[in-house]
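Dear colleague,

Please find below the structure that I am handing over to you. My notes on it follow directly after.

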Amino acid sequence: MREKSQTQSRIPGEPGIWAFVTGDLLVFSLFFILIAIGNQEQGGVFSSARSTLDLRFGLANTLLLLTGSFFVAIGVERFRLDDGRDNRIWFRLAILSGVIFLINKVFEWNAKVSDGLTPMTNDFFMYYFVFTAIHAIHVFVGVVILSFLHKKSQAPFTPETQRGLESGAIFWHLVDLLWIMLFALFYLV
Amino acid sequence: MSETTSNILAQDSLSRKSLAFCGYTGYAAIILFIIGGVWLGGMLPPIPNANDAPAELVAKVNDNLLNFRIGSIFMIASFALFGTFGAGMAAQTRRFETSPVFSYTQLVFAAAGTTIALLVAFAWSLMVFRPDTYEPSILLMWADFAYFLALFSVPLFGGWCVLIALPIFFSEPGREPFPRWVAYVNLWAALLFAPGQMVIFFKDGPFSWHGIVAMYLPFIAFFVWIAIMSWVMIKIAHDENS
């Protein structure tokens with residue numbers, strides 16, 4: 001058990017990942033502002049376009065990422081406990097949630113394109129396709145990082161390995177957070 | 001990697017000077033682009049637009065002919081220096097590899113990136129060479145070509161950044177070619193370049209090659225990245241403990 005040596009509170013992960021997360025959030029803030037401006041200037045176009053989005057896809061994706069984050073958090077915590085159990089299952093489940101998210105996204109985009117709705121249809125769909133695509137790339141990178149974490153979680157416990165796992169997990173949580181914002185702006189508002 | 005190899009920079013004044021030189025060429029590339037691309041050449045902010053009618057572009061070119069021509073010369077000088085800038089980073093990475101792998105991949109991407117950038121300047125110069133002889137749509141194609149080379153090449157330029165970050169992450173702690181924060185800056189740079197890939201879908205708006213997300217963001221991020229990496233190289237070269 002490693003708990004006793006970790007009683008001092010600290011910020012998880014390493015400073016660099018937090019700087020990267022901040023940077024990523026800054027970039028996405030620009031995206032959110034653009035959506036907000038579009039909503040302001042073309043309210044009618046945006047609300048009728050929004051109504052064509054399938055809320056079921058959006059909700060399913062939100063649940064998938066939230067569940068994935070939950071699994072990652074468990075995996076990191078179990079590694080910290082260092083009780084000899086195989087923690088890889090948690091990371092495998094998180095990877096699965098990410099992969100299903102991506103498959104879901106492809107189906108959703110396909111459905112829209114089959115209905116004649118493309119990034120060139122109007123500004124709402126321009127933002128919708130481009131920003132969900134950029135987010136999907138983040139999910140893909142997140143899945144790759146999770147596969148590294150999956151391997152790392154079997155390594156012997158060291159504080160460095162713990163920080164590495166936490167850093168990867170922080171990126172995954174960022175991916176989750178960005179989706180929640182996009183979900184709210186595209187599907188709900 | 002033996003201690004002797006890692007101390008080479010401390011004892012080898014040529015290596016120090018070489019690395020510093022590569023860093024300074026990065027600064028020079030930025031200054032040359034500010035003169036050639038920003039001030040004279042009309043590349044940033046873009047004087048041409050992706051949704052210009054061909055005749056409009058011909059008029060814009062004729063209105064700025066001499067500036068664009070001189071700007072092209074400064075731009076090609078700037079872009080040639082991407083080679084020395086990139087080689088410096090690869091050399092620094094090489095110092096920490098027992099057998100070179102990432103230093104090789106970085107050299108490949110640096111060479112490709114330099115070539116792409118040179119083509120940008122070539123396209124710009126051809127756009128302004130004989131604007132009244134070419135069909136107007138050919139001028140538009142040169143403008144498209146220049147911006148597509150610069151922006152649509154995300155796997156190359158973004159990949160270059162990732163190839164700088166990975167050897168840092170893969171190294172033993174304390175034996176990284178660059179400080180760990182440099183890896184995160186490179187990943188952020190790659191992220192900022194990414195929207196450039198969107199230019200193929202749009203001829204107007206924020207994701208076109210004159211747009212704020214697909215053009216301004218990647219272009220500015222790229223030169224800020226050069227500034228940061230140049231500063232890091234110069235710092236390593238001058239640091240007695242490197």
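In chain B, 74% of the contacts with a separation of 6 or more join residues 24 or more positions apart; two residues are in contact if their C-beta atoms, placed from the backbone, lie within 7 Å. Please note that this is a predicted model, in which local features need pLDDT of at least 70 and side-chain atom pairs count only at pLDDT 80 or more, while totals for chains, interfaces and linings use all residues. Residues are numbered from 1 along each chain as its sequence is written, and chains are lettered from A and ligands numbered from 1 in the order in which they are written.

Chain B contains 11 helices and 0 strands (DSSP runs numbered from the N terminus, helices being H or I of at least four residues and strands E of at least two). Its radius of gyration, taken over C-alpha atoms, is 19 Å, close to the 18 Å that the globule rule gives for 242 residues, so chain B is as compact as a globular protein of that length; the rule is 2.2 Å times the number of residues to the power 0.38. The C-alpha trace of chain B spans about 65 × 30 × 25 Å along its principal axes. Of the 242 residues in chain B, 48% are buried, that is, they have 20 or more other C-beta atoms, placed from the backbone, within 10 Å of their own.

Within chain B, the axes of helix H4 (residues 54-63) and helix H8 (residues 136-151) come within 8 Å and cross at roughly 75°. Axes are lines fitted to C-alpha atoms over the stretch in contact, and angles run from 0 to 180 degrees between N-to-C directions. H4(B) is therefore roughly perpendicular to H8(B) (65 to 115 degrees; under 35 degrees counts as roughly parallel). The residues of this contact divide into 9 nonpolar, 1 polar and no charged. Nonpolar covers Ala, Val, Leu, Ile, Met, Phe, Trp, Tyr, Cys and Pro, charged covers Asp, Glu, Lys and Arg, and the others, Gly among them, are polar.

In chain A, H1(A) and helix H6 (residues 159-188) pack at an angle of about 10°, with their axes 11 Å apart, and are therefore roughly parallel to each other. Their contact includes Phe28(A) of H1(A) and Leu178(A) of H6(A).

Finally, the contact between the chains takes 15 residues from chain A and 16 residues from chain B. H1(A) gives the largest share of the chain A side, 8 residues. That side divides into 11 nonpolar, 2 polar and 2 charged residues.

With kind regards

Key:
Parallel < 35°, antiparallel > 145°, perpendicular 65-115°, else oblique. Buried ≥ 20, exposed ≤ 12 C-beta atoms within 10 Å, placed from the backbone.
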